[in-house]
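Look at the fold first, then read on.

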Amino acid sequence: MSSPGTDRSGIEAEAPIVLSAESVTRSYPLADRRRLDVLRGIDLEVREGEMVSVMGMSGVGKSTLLNILGLLDTATAGEVTYHLPGGPVRARELDEAERAEIRNEHLGFVFQFYHLLPDVSVLDNVLLPAMIRRSSARYRRERRTLTERARHLLGLVGLDDRRRQRPGTLSGGERQRVAIARALMNEPRILLCDEPTGNLDVRTSEAMHSLFDTLNREERITFLFVTHDPSLARRAGTRKVMVDGRFEAVSLEEALARNSRGEELETAELKTAEPETAEGARDPDLERGEGAATP
């Protein structure tokens, strides 16, 4: 299943599907028996090793979609399926404990405002998902191996030499790099990124974009971004624009031009050109279950 106008540049059609959404809607009840329709029938398919961007103005439903795909919210109708090593799993069939397990083991989250714990080191922030996944006894047994992985991830994002510092001593771009390393700690099948550069200046944002390119190209990390930043959206091999809770095939240039003129876009999905080459809500990572390890 693939929405009209989708081009999977650089991704083989046979690549395994990581997650899919079919006819997903989300509505919220209002006063006087009225209803607010936020998502109006979303079809989406993300394959292993792919970079997908969903672009749109604020308030069009991007974060709602990401929350549903990340099991932080529930669709009103439609189907979200996670294609896990043991077989496909449908979101509507999961209880809350099973949803939390999939969030912790198979999904990674990167948010606009980092959500790092200020009173522990950078290294312990990266270790948090592994702590949560294990009992205290198991975490102590595996601490050395897990620390080696955390340091490897900090090395990938260029911050291993800052591992003993507190997050408050880092710049915004550095804190976001720590958040990315933390999101990768449990080897998730996909990273879900909600405006990951929305709180950064232009120069730092470009550096983050290059990091995403590197992680995707060299580590085969699968990304799904929601963003209103066209520079980030252009780097994805599959690009979509959302307006009023739907996708529709248009060019990136047309979408941006119509937005700049203030015209209403009736839902849009970006026709993908070759990606540019780079130069150079709860926080699920902090969810804690019974018996979880502590820093």
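Contact means heavy atoms within 4.5 Å. The model is predicted.

Q: Which residues does Cys 193 touch, not counting residues up to four places away in sequence?
A: Cys 193 lies in strand E7, residues 190-194. Residues up to four places away in sequence are not counted. What remains is Leu 66, Val 110, Phe 223, Leu 224, Phe 225 and Val 226.

Q: Is Cys 193 buried or exposed?
A: Buried means under 20% relative accessible area. Cys 193 has 0% relative accessibility, so Cys 193 counts as buried.

Q: How many Å apart in space are Cys 193 and Ser 53, C-alpha to C-alpha?
A: In sequence, Cys 193 and Ser 53 are 140 residues apart. In space, C-alpha to C-alpha, the separation of Cys 193 and Ser 53 is 9.3 Å.

Q: Where is His 209 found, and is His 209 buried or exposed?
A: His 209 is found in helix H6, residues 202-219. The cut-off for buried is under 20% relative accessible area. His 209 has 1% relative accessibility, so His 209 counts as buried.

Q: Which residues is His 209 in contact with, leaving aside its neighbours within four places in sequence?
A: Neighbours of His 209 within four places in sequence are set aside. The contacts left for His 209 are Thr 197, Asp 229, Ser 231, Leu 232 and Arg 235.

Q: Which residues of H4 make the contact with H3, and how does the contact divide by class?
A: From H3 come Val 122, Leu 123, Asp 124, Val 126, Leu 127, Ala 130, Met 131 and Arg 133. From H4 come Arg 138, Tyr 139, Arg 143, Leu 146, Thr 147, Ala 150, Arg 151 and Leu 154. By class, the contact of H3 with H4 has ten nonpolar, one polar and five charged residues.

Q: What is the hand of the crossing in which H3 passes H5?
A: Helix H5 covers residues 172-184. The axes of H3 and H5 come within 7 Å and cross at roughly 35°. The crossing of H3 past H5 is right-handed.

Q: How do the residues of the contact of H3 with H5 divide?
A: H3 gives Val 122, Asn 125, Val 126 and Pro 129. H5 gives Val 178, Ala 181 and Arg 182. The contact of H3 with H5 divides into five nonpolar, one polar and one charged.

Q: Is Asp 32 buried or exposed?
A: Asp 32 sits in the loop between strand E1 (17-29) and strand E2 (35-47). Asp 32 is not a glycine, yet has a positive phi of about 60°. Its relative accessible area is 69%, so Asp 32 is exposed.

Q: What is the relative accessible area of Arg 33?
A: Arg 33 is also in the loop between E1 and E2. Phi of Arg 33 is near 65°, positive in a residue other than glycine. Arg 33 is exposed, and its relative accessible area is 86%.

Q: What percentage of the residues of the chain count as buried?
A: The chain has eight helices and twelve strands. Of its 295 residues, the part that counts as buried is 53%.

Note on methods: Residues are numbered from 1 along each chain as its sequence is written. This is a predicted model: local features need pLDDT of at least 70, side-chain atom pairs count only at pLDDT 80 or more; totals for chains, interfaces and linings use all residues. Side-chain values use heavy atoms; hydrogens and water are left out. Helices (H or I, at least four residues) and strands (E, at least two) are DSSP runs, numbered from the N terminus. Ala, Val, Leu, Ile, Met, Phe, Trp, Tyr, Cys and Pro count as nonpolar, Asp, Glu, Lys and Arg as charged, and the others, Gly among them, as polar. Buried means under 20% relative accessible area, exposed over 50%, partly exposed in between (1.4 Å probe, protein chains only). Axes are lines fitted to C-alpha atoms, for helices over the stretch in contact, and angles run from 0 to 180 degrees between N-to-C directions. A crossing is left-handed if the near helix is turned anticlockwise from the far one by less than a right angle, and right-handed if clockwise.
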